[in-house]
Amino acid sequence: MNAIVLPHRKVEDWKYSDLRGAVDAEAVSIAPTAAWSIVAAKGDADIDDLPAEVPFGEHGAMAPVATSLATAGPSVRVRAGESAEIEFELTEPGHGRALIVVEDRASLTLIEKVPPSGFSNIASEIVIGKNASLTHLRILPGNEAVRVSDYAIAIAEGGTYRAHLADFGGTLSRTELHVALEGEGAEAHIFGVGVMSDRHADVTTHVSHASGKTRSTQLFKCIAAGHARGVYQGKVTVAKGADGSDSRQTAKGILLEDRAEIDLKPELEIFADDVKCAHGAAVGDLDAESLFYLRSRGIPESEARALLMRAFIGDAIDQIKDGKLRQAIWEVVDRTLERLA
Amino acid sequence: MLEIKNLHATVDGKEILKGLTLRVGAGEVHAIMGPNGSGKSTLSYVLAGRAGYDVTGGSITYKGEDLTALSPDQRAAKGVFLAMQYPVEIPGVTTLTFLKTALNAQRRARGEKEIDAVGVLRMVRETAKTLNVPEEMLKRALNVGFSGGEKKRLEILQMALFQPVLAILDETDSGLDIDALKLVAEGVNALRSPERAMVVITHYQRLLTYIVPDRVHVLAKGRIVAEGGKELALKLEAQGYEQIVKDAA
């Protein structure tokens, strides 16, 4: 078997996430196949092992490694017109593959949890049919794990993908979303928060508007303390002929300490004529004037800081439509903010 | 209640207050008037404890305690309230959440029982009605998109809610039309009490027609240069600051 070459900081896409520095190539080459369990399942879905033939969409550098080394993985199919909610947990780290198919007019809520330690490298294929919808939640607790999750998401006409990512950081934590808006009117809405001290969290996206009247929004909020590093790299391409498309990208960060780092890199490539695209990125400190205002009203410093941080990331979390899931993320965020403030 | 002696203070290393002395007793309303750049806002920020406003000499004693040793939030819990000239907009924090958090933080610091959401809402609603603050405003993010008058009314609403011992009003009249000014003044007058002292900082006499002070002080170049009763404000309005500052020099 050939030695695995891990992506490192001299590779453009991995500049801010040095996988070679975080994990040993030898350890990666002998990592086992990841194990999964289904924590909860509601509604109508077929859950099975991976079929013999699995499509392979656009992915980043680590997905081929997962594909060649993982020997098994789960497959979920929601049949046309059905709806389901499934909560997955990756119980044993390692290489993994997954296939999620949401057929025409079907809907699925997928909640993902990850193991507290070890190396994992998962490549997932997601297929969203005509007028189908997938709501995808990834809640990544703060821990010492090295985790790479790479998704290829293909969305047919009128289909919708909504992603809510909450990452509290790992030794290295990378989520890649490669979204193809293939059919007319397809939509992708991606919301991410990163809150961490002394840890790393990276969200790298590529949203490709292949057809007309497609829409995408991306909103990322990151708070970094200590030696933490938060990364958002978001590329949007609008293909020739994808007229009437609309794309918005916002990424903002707050650095609580000088040693922390936040790298925001929104990119836009437009080949169509008639499109609306907007992107913006900014990194700053907690606003001193706001902090003084709150303290002058009797709110102690740490509580005032937590309140301002909560307000900063709130608009990214409040996009979660399900009240119970939103509350679950807020609880982890509040616990983390209390420590950081 | 408040005794400021020979106060020197710097902002970003530049001396702004240069030997200011002022005494305010319980139940009294004092006006501090002065031209632009005389140090009025610096005085208010120094009293509230804003970072970057450093006391380099003299003393501030509040209810027998060294005020400068306390953090801004400790001062608030002990009853010091500053109605700001430019209230800060804080997106993402609703006005009601802010009021509840602040009220209960002050109560907690004083060892008092916290008030639940329903109780706070009831208190806020009562005060809001008298100040003509619509309920819808309380659900919006703090000060975000509020007009100048709405922001000032919300400052007075906070003052009524927190029931401070020493209230400092920094240019509360700026940016208000006459109706809003009357409303704010009524709100302030309703809070006058024998236990409460107020320091009203203003550039113009206008506000003092509605909030009649017991004493008027003229601040110029970082010091109090003239003092008198409420008639001093009228004299300033008629003659301008220049003459009085010159006479005092």
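Mentor: Happy to! In chain A, 9 strands form an open sheet with mixed pairing, in the order E2-E3-E5-E7-E9-E11-E13-E15-E17. Helices (H or I, at least four residues) and strands (E, at least two) are DSSP runs, numbered from the N terminus, and two strands pair if DSSP finds at least two bridges between them. At the edges of the sheet stand strand E2 (46–49) and strand E17 (261–270) of chain A; each has a single partner strand, so one side of each is left without a neighbour in the sheet. From one strand to the next, the twist averages 10°; such angles run from 0 to 180 degrees between N-to-C directions, and the axes are lines fitted to C-alpha atoms, for helices over the stretch in contact.

Before going further, a word on what you are looking at. This is a predicted model, in which local features need pLDDT of at least 70 and side-chain atom pairs count only at pLDDT 80 or more, while totals for chains, interfaces and linings use all residues. Residues are numbered from 1 along each chain as its sequence is written, and chains are lettered from A and ligands numbered from 1 in the order in which they are written.

Back to the sheet. Strand E3 (residues 74–78) and strand E5 (residues 95–102) of chain A run parallel and are joined by 4 bridges. If you find A:Val78, you will see A:Val102 of E5(A) opposite.

Now look at strand E13 (residues 200–209) of chain A, where 10 of its 10 residues are buried. Buried means that 20 or more other C-beta atoms lie within 10 Å of the residue's own; with 12 or fewer the residue is exposed, in between it is partly exposed, and the C-beta atoms are placed from the backbone. In a regular strand the side chains alternate between the two faces of the sheet. For E13(A), both faces are covered: A:His200, A:Asp202, A:Thr204, A:His206 and A:Ser208 are buried on one side, and A:Ala201, A:Val203, A:Thr205, A:Val207 and A:His209 on the other.

E13(A) also has a parallel partner on each side in the order of the sheet. Strand E11 (residues 172–181) of chain A is joined to E13(A) by 8 bridges, and A:Leu177 has A:Thr205 as its bridge partner there. Strand E15 (residues 229–238) of chain A is joined to E13(A) by 10 bridges, with A:Thr204 partnered by A:Gln233.

Strand E15 of chain A also holds A:Val238, which is buried, with 28 other C-beta atoms within 10 Å. Leaving aside neighbours within four places in sequence, A:Val238 is in contact (C-beta atoms, placed from the backbone, within 7 Å) with A:His209, A:Ser245, A:Ser247, A:Ile270, A:Phe271, A:Ala272, A:Val275 and A:Cys277. By contrast, A:Phe168 lies 70 residues from A:Val238 in sequence and 31 Å away in space, C-alpha to C-alpha.

Stepping back, chain A has 6 helices and 18 strands. Its C-alpha trace spans about 65 × 50 × 40 Å along the principal axes. The radius of gyration of chain A is 20 Å, which agrees with the value near 20 Å for a compact globule of 341 residues; this radius is taken over C-alpha atoms, and the globule rule is 2.2 Å times the number of residues to the power 0.38. Of the 341 residues, 52% count as buried. Among contacts in chain A with a separation of 6 or more, 83% are between residues 24 or more positions apart.

Chain B has 10 helices and 12 strands, and 43% of its 249 residues are buried. Where do the chains meet? 20 residues of chain B are in contact with 17 residues of chain A. On the chain B side, helix H2 (72–77), strand E7 (90–94) and helix H3 (95–109) each give two or more residues, and H3(B) gives the largest share, 5 residues. By class, that side has 13 nonpolar, 5 polar and 2 charged residues; Ala, Val, Leu, Ile, Met, Phe, Trp, Tyr, Cys and Pro count as nonpolar, Asp, Glu, Lys and Arg as charged, and the others, Gly among them, as polar.

Terms used: Contact = placed C-beta atoms within 7 Å.
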